[in-house]
Amino acid sequence: LKYILNDDNITARGDTGWMDSLDPNFGPIADLWMRTLIDDFGTDHWYQMDGYFDGGTAPWMTSTSTSSSRRGEKGGGGGGARTKDDPSRQEEPFDPAEEVTRDDTAYRRASAAYAGLNRTDPYAVWSFQGWAIRGWSTSEQASVLRGFVESVPSPDKFVIVDMETDGSGQWRQWNESAFFGSKFVWTTLHDFGGADGIKGNLSKINRIPFDAPPSVRSNDQVAGTGATPEGIDQNPAYYEFLFENHFRASPVENITDRMINRAHRRYGLREYDDDVARAWASLVDGGMYSVDVGVRDNFGVVHLPAESGRHPNGPYWPFMKDRRTPEPIL
């Protein structure tokens, strides 16, 4: 497109072509894309659109402060970042005593981006991956996000997917800003690229969504809860516990007892088994279900084969020989 349209505002970075939403070509391309998308697949009116982080950082954004690390566990950014336009200027660290005002350029870009959805689908909801802003912490970054949040006609039209790796909540950024009034789906990311060992802090996800401040709950800002892993078919105990939060009025008081009872039901045990109870108590109380060892860890019994050489410690899934399909006994 860059060469077909002779458009200097399209920048190729890696496998991603960036186009500024304020470019005159953006609207017609967005309209054609939306019409084709809906004609081919229909729509539930939710659209994921966030400037995919594997493609680097958009050229009109700052060079370091708004980038996120895809393959590490720490997002990019932070106080003291130098801006692209003026490398000598330091971004201001966030001051919780100061009111965050929107960045007008971010607001105009986001408004144009949302119009690319809304012209074709008047009911469009913009779903924005929180990973794209993970690690943001400065006042300038807060203003950019606020510009995005305020760019839509009503709060329910921009929904952030909160993707903190351990489920603790990105909404806590900027002194528990709760994304400056945006609706959000509170999730735990938990797992990268199928590195799905036995892991995950149950006590932490036990707080989803109950730890949200009263102001957030009263405004119905938590639009949903869930999980955003890359590895599936793993950790059923962790994910069942998480998804049961949908149906709870408060956190579980005794997680260990809950998981022991679950294990008995899962194994079809009609009588209490001390060995099962001790095993699950060990996992929950100080074991792998009491810590977050990282989204790319290779600990525990893991499941699927992978190409060798993809990881400095060898294949992601070294226990393939232990894998078996139990025969039904009931």
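**View 1. Lining of the largest cavity in the predicted model.** Ala237, Glu240, Phe241, Glu244, Arg258, Met259, Arg262 and Arg265 line the largest cavity. Two or more lining residues come from each of the elements α7 (236-243) and α8 (255-266). The greatest contribution to the lining is that of α8, with four residues. Sorted by class, the lining holds five charged residues, three nonpolar residues and no polar ones. The space in the largest cavity is about 50 Å³. The count of cavities of 30 Å³ or more comes to one. Rolling a probe the size of a water molecule over the atoms is what shows where empty space is left. The coordinates shown in this view and in the views below belong to a predicted model.

**View 2. The open sheet of five strands.** Five strands, in the order β3-β4-β5-β6-β7, form an open sheet with parallel pairing. At its edges are β3 (46-48) and β7 (222-227), each of which pairs on one side only. From one strand to the next, the twist averages 25°. Strands of a sheet pair through backbone hydrogen bonds, and the pairing may be parallel or antiparallel.

View 3. Strand β6 (residues 183-188) pairs with β7 in the parallel sense, over five bridges. Opposite threonine 188 stands alanine 227 in β7. The edge position of β7 means pairing on one side only.

**View 4. Crossing of helices α1 and α2.** Helix α1 (residues 26-41) and helix α2 (residues 104-118) have axes that come within 8 Å and cross at roughly 35°. The crossing in which α1 passes α2 is right-handed. On the α1 side the contact is made by Phe26, Ala30, Asp31 and Met34, and on the α2 side by Ala112, Ala113, Gly116 and Leu117. By class, this contact of α1 with α2 comprises six nonpolar residues, one polar and one charged.

**View 5. Packing of helix α2 against helix α3.** The axes of α2 and helix α3 (residues 139-149) lie 7 Å apart, and the two helices pack at an angle of about 35°. Here too the crossing is right-handed, with α2 passing α3. Ala106, Tyr107 and Ala110 in α2 meet Val144, Gly147 and Phe148 in α3. The residues of this contact divide into five nonpolar, one polar and no charged.

View 6. Serine 139 is found in helix α3. Leaving aside residues up to four places away in sequence, serine 139 touches Glu92, Pro93, Phe94 and Asp95. Tryptophan 174 and serine 139 are 35 residues apart in sequence, with a C-alpha to C-alpha separation of 8.5 Å in space.

View 7. Isoleucine 208 and proline 209 are joined by a cis peptide bond, with omega about -5°. Proline 209 has its place in the loop between α5 (202-205) and α6 (214-218). Most peptide bonds are trans, and most residues other than glycine have a negative phi.

**View 8. Positive phi at alanine 178.** Alanine 178, a residue other than glycine, has a positive phi, near 50°. The loop between α4 (173-176) and β6 is where alanine 178 is found. Strand β6 (residues 183-188) is also the partner of β7 in the parallel pairing over five bridges.

Methods:
Residues numbered from 1 in each chain as written. Predicted model: local features only at pLDDT ≥ 70, side-chain atom pairs only at ≥ 80, totals over all residues. Heavy atoms only, no water. 1 Å grid on protein atoms, 1.4 Å probe; cavity = no way out; pocket = protein on both sides within 12 Å on 5 of 7 lines; lining within 4 Å. Points joined across faces, edges and corners; volume = space filled by probe spheres on them. Nonpolar A, V, L, I, M, F, W, Y, C, P; charged D, E, K, R; others polar. Axes fitted to C-alpha atoms, helices over the stretch in contact; angles between N-to-C directions. Left-handed = near helix turned anticlockwise from the far one by under 90°. Contact = heavy atoms within 4.5 Å. Pairing = 2+ DSSP bridges.
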